[in-house]
Amino acid sequence: MTRTIKTVGVCGAAGTMGAGIALVAARAGFRTISYDMKEDALERSAKQSAAFLDKSVERGKLEASKRDAIVGAMSRTTDISALEDCDLVIEAVFEDLATKQKLLDRLDAVCSEDTIFASNTSTLSITEIASGSKVPTRVVGMHFCLPAQLMKLIEMSPGILTSEETFESAWAWTKACSQIPVRTQDKPGFILNALLVPFNNDAIRALEAGVASAADIDKAIKAGLGYKMGPLELIDLIGLDTQVRLCEAFYPITLDPRAATPPLLRRMVAAGLLGRKSGKGFFDYEGNAMYGA
Ligand SMILES: NC(=O)c1ccc[n+]([C@@H]2O[C@H](COP(=O)([O-])OP(=O)(O)OC[C@H]3O[C@@H](n4cnc5c(N)ncnc54)[C@H](O)[C@@H]3O)[C@@H](O)[C@H]2O)c1
């Protein structure tokens, strides 16, 4: 049996992933409440989402009436209690176990016992995150890809205690959003990041070792392997700070030296070079437009 989902909450909705996840939910007709602790960032991300939808209309990919319906389905808040009626809450807050566990604890106090909690974590254990909730059976991994509003894949991972009803309901919801779910085990990095985090770090180390320029490293990967984006351009999109968090979460679990934070990456983050979100990373960016807009 699957649970009926009508209202969806997104935590960390002003972030790189949260804004796109909220668009996926609202586009599929779900009432969507975007929650973040930063009000100004929430406003900024709402403007970027509106610009993305306007561009989609201009390009003939979306009808104007559908854009209006999506905007009408979305609301935003810095008050966590506004999530009380949500049937599904998806968290996309910082990649930090304690932050996520604390958030689930707060959500326990706000939401009904039937609410499903989904985590967009890239590397952390769903079972460990779920231990932050008094009802771990309701917690499931739901890993979107960047940019969430354009990428179809969602890695769905049950923790040890996740109930089959929770998993099936969350899976059905991803299908209702026209996404493509795949089932993975609760293993570090699931499928994508287990492959991608070490690979992206290799590209940074190649740059640091002077093998080639950033542009040529990306050009080689695109022209030689047929990838749409080079690894350095992808890290700029992911966020260099997020790549550090991914390494810091991933390395202690796997002890894979390729997953350790490359020194150049650490220095760039210290210098405020975070990629697209800061206007400069491995490459320069004008403005801070949402990818795909
Ligand atoms: N960036 C990516 O490419 C990517 C891809 C897939 C999954 N993820 C995962 O998504 C999650 C978010 O990553 P991101 O890159 O979007 O991060 P981000 O730093 O861009 O955004 C995180 C957002 O969460 C908010 N936040 C932090 N703690 C909060 C709290 N306690 N309550 C409410 N809001 C809070 C912040 O204000 C910020 O707006 C992480 O778990 C990450 O591993 C990231």
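Where is the place of Pro147? Pro147 sits in the loop between E6 and strand E7 (153–158), and the views below start from the whole chain and then return to this loop. The model is predicted: local features need pLDDT of at least 70, side-chain atom pairs count only at pLDDT 80 or more, and totals for chains, interfaces and linings use all residues. Residues are numbered from 1 along each chain as its sequence is written, and side-chain values use heavy atoms, with hydrogens and water left out.

**View 1. The whole protein chain.** The protein chain holds 11 helices and 8 strands; helices (H or I, at least four residues) and strands (E, at least two) are DSSP runs, numbered from the N terminus. Its radius of gyration is 19 Å, close to the 19 Å that the globule rule gives for 293 residues, so the chain is as compact as a globular protein of that length. That radius is taken over C-alpha atoms, and the rule is 2.2 Å times the number of residues to the power 0.38. Along its principal axes, the C-alpha trace spans about 55 × 45 × 35 Å.

View 2. Leu146 and Pro147 are joined by a cis peptide bond, with omega about -10 degrees.

**View 3. The loop with Pro136.** Pro136 is in the loop between helix H5 (126–130) and strand E6 (139–144). Leaving aside neighbours within four places in sequence, Pro136 is in contact (heavy atoms within 4.5 Å) with Ala130, Leu161 and Thr162. The C-alpha atoms of Pro136 and Gln179 are separated by 25 Å, and these residues are 43 residues apart along the chain.

View 4. Phe190 is not a glycine, yet has a positive phi of about 50 degrees. It belongs to the loop between strand E8 (180–183) and helix H7 (192–208). Leu255, in the loop between H10 and helix H11 (263–270), has phi near 55 degrees. Phe190 is buried at 9% relative accessible area, whereas Leu255 is exposed at 58%. Buried means under 20% relative accessible area, exposed over 50%, and partly exposed in between (1.4 Å probe, protein chains only).

**View 5. Asp241 in helix H10.** Helix H10 (residues 240–254) contains Asp241, which is buried at 15% relative accessibility. Beyond neighbours within four places in sequence, Asp241 is in contact with Val269, Leu274 and Lys277.

View 6. Where pLDDT is low, the predicted coordinates should not be read in detail.
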